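The tour goes from one selection to the next and says what is found at each stop.

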Amino acid sequence: TQLDATATSLVISFDQDARRLRGRRAQDSSANLQPTNRGGMLGLEPCRRVLDDATVELIRGRASSEPLCYWRDDVTLIAQLNSRTHVVPGSAIGIRDNVVAPAFFEGTCPHPLCASGVVILDPQDLCEPPGCPAIAARLDAPALASACSEDALRLDGSGSTGIGVYPSVYRWSVEPAPGSAVNVTALAGLQAELAALPGSQSVVELIGPSLKAAAAFRFSLNVTSTLTLASRVVTREVAASTNAPPVITVAASSLVETRPAAPVLLRAWGRPSSCLPPGAGTRLRFRWLVERVLDTASGAEVANDLDLDALRPSSPTLQIPAFSLSGGRSYDLLVTGAMEADPASNATRRVTLVAREEPLRVRLAGGDRRVPTSSAIRFDASASRDPNVPGELGASAALSFAWELREAGSVSAVDACATRRQGRAVPWPAAVDASAGAGLVGSP
């Protein structure tokens, strides 16, 4: 029993004879395991149907709604977690006695073949392969702090990524940048102010005398989780400006996850500094640009394939059409707002767009069926598509198909609890094209 690889669900697996919970996911395929009767569940139902009361309350935590479960296959139960769950490493997960049994069991529970037991969520093997998602701290801050004591310095950690449903904890700190002049008393006050922030605070705004503590600061952010997994500490240096640049805001997190098929709308706005002299011009000019593009898997910089010149990059609103972003890439965008009367007075904000590739959508027409041995059978997967490709290009045109035919196996009439045999591969009839997406027809 483990968390899934996104840490949003609890994966509860049964052993080879469907009678006990497994402590961790075995290497063998679920096809080699004894299928269960799924506790009589159909689709998404309350976990209480198959899990004991203590486990249900653990999954529920401080949430008011009943936790829900479903079966991923005949030996794997999935319990959906919420952000208020009390499931943590070391939690005891228990099955409701005498509910789950082998699929081919013809008796009644209680019976030695009916499932029971408790397992511990192992801290050393917490998530399914490839493992728990990594926490990544992200700190966005301007390079310069305004000389105007009425303008706030905004430190934004909201783009940090946590672990699934488990809340993130933000720890802020500051020290003077190397070589910076320091007001020791003011710096101690700023450090105490950050240390006193609640762990849920991902965005900090600093204003007033505390920003006079040094000529330049090094702010640090460390993000942890209730799963006690910490990120590396990220830092940003902010120097005190001699002027009062405008305040620029983007109506989005500094990290936006999207997909190639989804359009993206980014809105920036700004206001002049509160200390702008009377009579000075207040109009702002904006400009968007692509700073860099990275391959999300390797972190390597790749060529920019996002053409902003066709998207009115001088507007505060940037509209990026669907399929403009490539899956598996992240795009660092910068928007700069400058005073029209004094372009040197400007401020910049960064937004990172991460385009996640969507999995292929396989659609097989029909389903399990019984047919006469003399009849032809048609298999059709032509409705399958790649959601990362525009529909007008032919979503299935880039797909290749490889069909496999296997025996379904049989169950011994003598032992109704026998494990289903692994079906052997059967060659397709010579007239069948097993690489076709549709029109695959064969006679048994």
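Start by selecting Cys148 and Cys275, which are joined by a disulfide with an S to S distance of 1.9 Å. A disulfide is counted here when two cysteine sulfur atoms are within 2.5 Å. In general, a disulfide is a covalent bond between the sulfur atoms of two cysteines. The torsion about the S-S bond of Cys148 and Cys275 is about 65°, so this disulfide is right-handed. Cys148 sits in the loop between β8 and β9 (153-156), and Cys275 in the loop between β16 (264-271) and β17 (284-295), so the pair ties together parts 127 residues apart in sequence. Helices (H or I, at least four residues) and strands (E, at least two) are DSSP runs numbered from the N terminus. Cys148 is buried at 3% relative accessibility, while Cys275 is partly exposed at 39%. Buried means under 20% relative accessible area, exposed over 50%, and partly exposed in between (1.4 Å probe, protein chains only).

Two notes on what is on screen. This is a predicted model, in which local features need pLDDT of at least 70 and side-chain atom pairs count only at pLDDT 80 or more, while totals for chains, interfaces and linings use all residues. Residues are numbered from 1 along each chain as its sequence is written, and side-chain values use heavy atoms, with hydrogens and water left out.

How many disulfides does the structure hold? There are four, and with bonded cysteines counted along the chain they follow the pattern 1-2, 3-4, 5-6, 7-8. Select Cys127 and Cys132, one of these pairs, with S to S at 1.9 Å. The S-S torsion of Cys127 and Cys132 is about 85°, so the disulfide is right-handed. Then select Cys109 and Cys114, joined at 1.8 Å. Is this disulfide left-handed or right-handed? The torsion for Cys109 and Cys114 is about -95°, so the disulfide is left-handed.

Next, select Glu128 and Arg72, which form a salt bridge with the closest N and O atoms 3.0 Å apart. A salt bridge is a side-chain nitrogen of Lys or Arg within 4 Å of a carboxyl oxygen of Asp or Glu. Glu128 lies in the loop between β7 (118-120) and β8 (144-145) and Arg72 in strand β4, so the pair ties together parts 56 residues apart in sequence. Glu128 is buried at 9%; Arg72 is partly exposed at 39%.

Stay with β4 (residues 68-73) and show it as a cartoon together with β3 (residues 45-46): the two pair in the antiparallel sense over two bridges. Strands count as paired if DSSP finds at least two bridges between them. β4 also pairs with β5 (residues 76-80), again antiparallel, over four bridges, and β4 and β5 form a hairpin with two residues between them. Select Cys69 in β4: Glu45 stands opposite, and in β5 the bridge partner of Cys69 is Ala79.

Glu45 is buried at 16%, and Arg49 is partly exposed at 34%.

The last stop is Thr36, in the loop between β2 (9-13) and β3. Thr36 is buried, with a relative accessible area of 3%. Its side chain reaches the backbone nitrogen of Arg38 at 3.0 Å, and a polar atom of the Thr36 side chain lies 2.6 Å from the backbone oxygen of Asp74.

Terms used. Polar contact = N/O pair within 3.5 Å; in protein donor to acceptor, adjacent residues only side chain to side chain.
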